[in-house]
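This report describes selected helices of one protein model and the surroundings of one of its residues. Please consult the sequence and structure shown here.

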Amino acid sequence: MAVPEAIQKLVEKYTFHRDAYLRGQEKYNETQLREDFTDPFFRALGWDVNNNKGFSEAYREVLHEEPIRIRGKTQFFDYTFRIGGTRKFIVETKKPSVRIKDDADAALQLRRYAWNAKLPLSILTNFEEFAVYDCTIKPENSDAANKGRIEYFTYSELPEKWEYLESIFSQESILRGSFDKYALSNKGKKGTAGVDDDILSEIESWRDDLAKNIALRNTGLSVEELNSIVQRTIDRLLFLRICEDRGIEEYPTLHKLLEGEHTYARLCDLFRHADEKYNSGLFHFQQEQDSDELPDTLSLSVTIDDKVLKGVIKRLYYPETPYLFSVIPPAILGHVYEQFLGKVIRLTDGHQAKVEYKPEVKKAGGVFYTPQYIVEYIVKHTVGELVKDKTPRDVAKLRILDPACGSGSFLIGAYQFLLDWHRDWYIANLVPVFKEKNSVADPAVLALLPEAALRGKKNLAQVDLPVYKAGTSGDATRTRSDWRLTTAEKKRILLNNIYGVDIDQQAVEVTKLSLLLKVLEEENEENIDKQLKLFAERALPSLHDNIKCGNSLIGWDVMTPDMPADEIKRINPFDWDTEFADIMKAGGFDTVIGNPPYVVIGKDLYPEEEVNYLKKYPVAQYKIDLFHLFIQKGIDLLKKGGELGFIIPNPWLTEKFTDKLRKYILDKTSIQEIVVFDHYIFANAKVFTALIFLQRHDGRSNDAIIIKKPNTAFESYDIEKQESFRIDQKSWENNNNYQFETRLVGEIGTFIGRLLKQYPSLNSVARASLGCQAYNRTKHTDEQIKNRVFHSKEKASDQYLPELAGNDVQRYLIERTRGEWIKYGPWLHDYRTMDWLTGPRILIREIPGRAPYKIQACYVEDTYCNYKTILNVNPSEITDFSMKYLAGILNSKLISFLYPYVSNKLVAQTFPRLSVGDLKSLPIRTINFADPADKARHDRMVTLVTQMLDLNKKVQGARLEQEKMLLSRQIEATDAAIDKLVYELYGLTDEEIRIVEG
C-alpha cells in the first residue's frame, strides 16, 4: 500500500526538527505536538479530526480532551475516536522528550481507562514513538510499560508500518470490521479479562462474604430476606461509589468509613441521607404520601461485622481496585448483573449461607446476556420506527415494555435511544426558535413540547428549555461544551416511556438501579443540590409504578382456594389489567422488546398446576418453551400498530411442533423483518438465534418480510449493511405447517429451490425409518432395563442378531465396536419387521461426527439390528436403481450441503442430528434406464461405491503406513469422482459447484 504524501511529509518535518523537539522540553509541549503531528496523522487515516462535517458534540468523530473523573479529580484524554457516537479507541499523547517505551505510568493510565471503558485497543504516542496496547489485559499497578503492548515502532518506521495502521485504525477499516477482527484475534489470550468478568467476580465475592456474615449475625432472617438485604447493600454501595466518581457525591465519602467502628451504622446514615437526596426505591425507608410503595424497614436494622464490610469498601477504592466507575458504561453493569442474578443465596439447616445457581439457570446452561449491538438494533427497529416524524409531545405517549427485563439491558437501550432522540430533536427544532422568539407567545412552538414541560406556562419566556448548554472547564485549552437534557426532562422521559416486568425481585431492583444511574449520567453535585434547593425536588424518580415484579405469563386465575401461600409466592401471579390499568385500557403497549427466557417447561422445574396453566396458551404444544409463550404474550400486550422485537432461538421457525405459534403470528401480526444468524450470538451458549420484528394488527397480512442472514461472527458488525431479501408473508401461509422458510432466499435459495422442485424426494423413491429401541419403561420393568435382559455378549440362539450402535456406522464402512448381540422380536420396545434389517439397504448415522460435517452412510447387505441412532433407508416397491447408487448420492458433498436447508432444525453450517423426516425430503436424482447415457452414469456410480466399500475395508486392515497412505489417497480420489458424478447427475453449473464446494 502506498504511503500517503501527508505522512511522508510529517516524517520529513519531524526528522528535520527532531533535535529541537527533543531538547525543548518546556517550549514544545503536547498541544503543539498534537496540532503539528498527531492531528494530521489521524486525518491521513480518514478521521474528521476538527469536525469539519459540523456534527453535534454527541456524534463528532473525534473528541479532544474528553474529561473523565479519576479519584475525585477531572482528567482528560487527548483523543477519543468514535463511530456514530460510540467509542472505538483512545489516543494519549506526550511531548517528544518523554520516553514512551519506558513510561510505565502513561501506559498504565491509558490501559486502565480503556479497560474500564471496554475498549480493546488504544495508542500511546509522542510521534517520536508509537505504542499500541491490547487493553483487554487487566491493568495492575506493578505493570511495566511493555505489559499488553502489541506493537512498538518509531517515527522513522511509519512508512513501513502504515499498512498495519491503516488496516486497523483508519475509519474505513473500523467501518468494515477490520478493527474488531484484529481485536478479537487477541481475545482469550493469557491475561485477557474483560472489566465485566472482573467486576462479576468481585461482586460475587462480596455477596459470599456479606451473605455468610449477615446469616451468622442475624439468625432470624428468612432466605428471601437475606437475599434482599445482601442485594440491596451491594446495589447501594455501588450506586454511591459510582456517584462519587461522577462528581455527584463527595469523593471519598465511603472510604472514610474505614476509620473507626460501627461501620454499618454509619453507612446506614449515608443511606438515609441518600433517601432525602435521591428519592429512589433503592433508598426508601419511610412511607410517603401519595405512594403505595412500601418502605424498606428491615435492612437498616441488621448487624454486619466491621471487618467484612470494610473489606468490601476497601476493594472499591484505589489501589485495591482497578475500576474507574465514571468510565464503566451502564451496559457493562447490566452484563455483570445479568450473570450475578443467575445465582441465589440458600440457607442450610444450620442457617449458613450458600450461593448456588438457580434451577432454571442451571437447566438452561447459564445466563445469556444480549450483546449491546443486538439491543441497539432491536431498539432502532421498534422504538426507532415509532418515533419517526413525531414531536416530543407525540413521543410522550409511547409506552415501551420489556416483559422479562432481567437486569434491564433492553430498557436501558430504549431509554438511551429516547434520550438521544429528544436531545437531537430539541437542538434541531427548538433551540433556534427559542433564540429568535424567547419572549413571544407562539402556540405552534408550545404545541411541540410535552404537556408536562409546560406546566400551564403561556409563553416561551416562561418555559424551561429541556436542554442546556453544558461546559466542562479546565484550563483555557480544555473547555468543551455540548447540549444536554435537563435532569427534569430525563426523569420525565423515563417515567413516561419505560416499563418492565420480571419474576425476580432482585432483577427488578437491578433494572431500577441501572436506569437511575442513566438519569444521573453527566450530572454533578452542584446540579443535584441546586435542584433540591430550588425546586424542593429530589434528584431521582421512583420507578415503583414502572418496573414491577411478577410472573408475566401467569395471572391470578391460577390460584385455587386450597393453594398454599408459599406456592402463590413462588408463582408470583401478575395481572396486567390491574398493574398497568391505564395502558391496557388505552389498548396496550406501543413497543414490546427483549430477550425472553429460553426454558422448556417441565415438571422438573414447574409444579403440575403451573404446567397445566401454561399449556392453556393457544400457541402451546408438545415441548413448550417459555419464549414461545412470551411471543404470544408480547403480541397480546401490543396495541394495534404496536411493534415487537425479540431475540430468540431460531429452530422454531420451521420445527413441526411450533406450527401453532407461527399461525398465531400470521393471524395477528405483520412480520416486518427476521434476521437469522448462522453463528452463536451469546458468548457461552451454543444456541442459534434470530431477531424477529412484528407489528400487531387485525387480520392477515400480505406485506413483504425482510430477511437478513448475517454471516460474520464479529461483535460489532453492522447488521444494517447486510444483504436483505424479501418474501411475501402470504406465501408462508401456504407452507407445510406454516413454516417460516428463511433459508431459500438469494442465490443459494434459488439454487436449492431448483433442486427441490426438479427432483423427487427420497420418500417417493425409497423408504426410511429410525432403527430399533430395545427398552422403555412403558413396556419393561426397571429390573429388565437395568439388567439388559435381551442383550448378550455372544450369539445365544438363532433369535439373536448382531447389534449396531451409532458410532459403528461410518462413510462406506461398518465397524462393530461394542460387538453385542440382541434377542430380536416383538418383545422389544420399538420393533421393526425383518425386511428393514435384511437385504441391500443403507444405514446412516444420526450424529454426523465432528466438523467438517458430512452425512455418514454405508451400503450393507448383512443382517443387523441397528439402534435408533442409526437411520434405515431401504428400497421400496418402486425403487428401480441400486442402493449402492443411492449410497453414493447420500454420501456426496452436494447432499451434505443441502441437508441444513431442508432440516426443520434450521441450523446453518452444522446439524446436531439427522431426522427421518428431513432425510425423506432430500431430492434424489432418479435414473432413466431407457437412456443409455443415464444408465451408464448409474453403473458408474455403482462401480465407484463398490470401490469405496472395498477400499475402506482394506485401509482398516492395513498395517504398513505406506500402504495406509496409498489407500487413503485412493479413497480421496474415488470420493472426488463420486462428487463430480453427482454434480453431473444433478446438472449443476460451475457457479453452483462453487457454492457447494465453498
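Leu386 lies in helix H14, residues 383-386; helices are DSSP runs (H or I, at least four residues), numbered from the N terminus. With a relative accessible area of 12%, Leu386 is buried, the term standing for under 20% relative accessible area with a 1.4 Å probe, protein chains only.

Leaving aside residues up to four places away in sequence, Leu386 touches Leu398, Asp590, Thr591, Gly641 and Glu643, where contact means heavy atoms within 4.5 Å. Between Leu386 and Ile601 there are 34 Å in space, C-alpha to C-alpha, and 215 residues in sequence.

**Basis of the model**

The model is predicted: local features need pLDDT of at least 70 and side-chain atom pairs pLDDT 80 or more, while totals for chains, interfaces and linings use all residues. Residues are numbered from 1 along each chain as its sequence is written, and side-chain values use heavy atoms, leaving out hydrogens and water.

**Packing of H7 and H10**

Helix H7 (residues 195-217) packs against helix H10 (residues 306-314) at an angle of about 165°, and their axes are 10 Å apart. Axes are lines fitted to C-alpha atoms over the stretch in contact, with angles from 0 to 180 degrees between N-to-C directions. H7 is therefore roughly antiparallel to H10, a label for angles over 145 degrees.

From H7, Trp206, Asp209, Leu210 and Asn213 meet Val308, Leu309 and Val312 of H10.

**Helix H9**

Helix H9 (residues 263-278) contains 16 residues. Its buried residues include Leu267, Cys268 and Phe271.

Technical notes: Helices (H or I, at least four residues) and strands (E, at least two) are DSSP runs, numbered from the N terminus. Angles under 35 degrees count as roughly parallel, over 145 as roughly antiparallel, 65 to 115 as roughly perpendicular and the rest as oblique. The expected span of a helix is 1.5 Å times one less than its number of residues. Buried means under 20% relative accessible area, exposed over 50%, partly exposed in between (1.4 Å probe, protein chains only).
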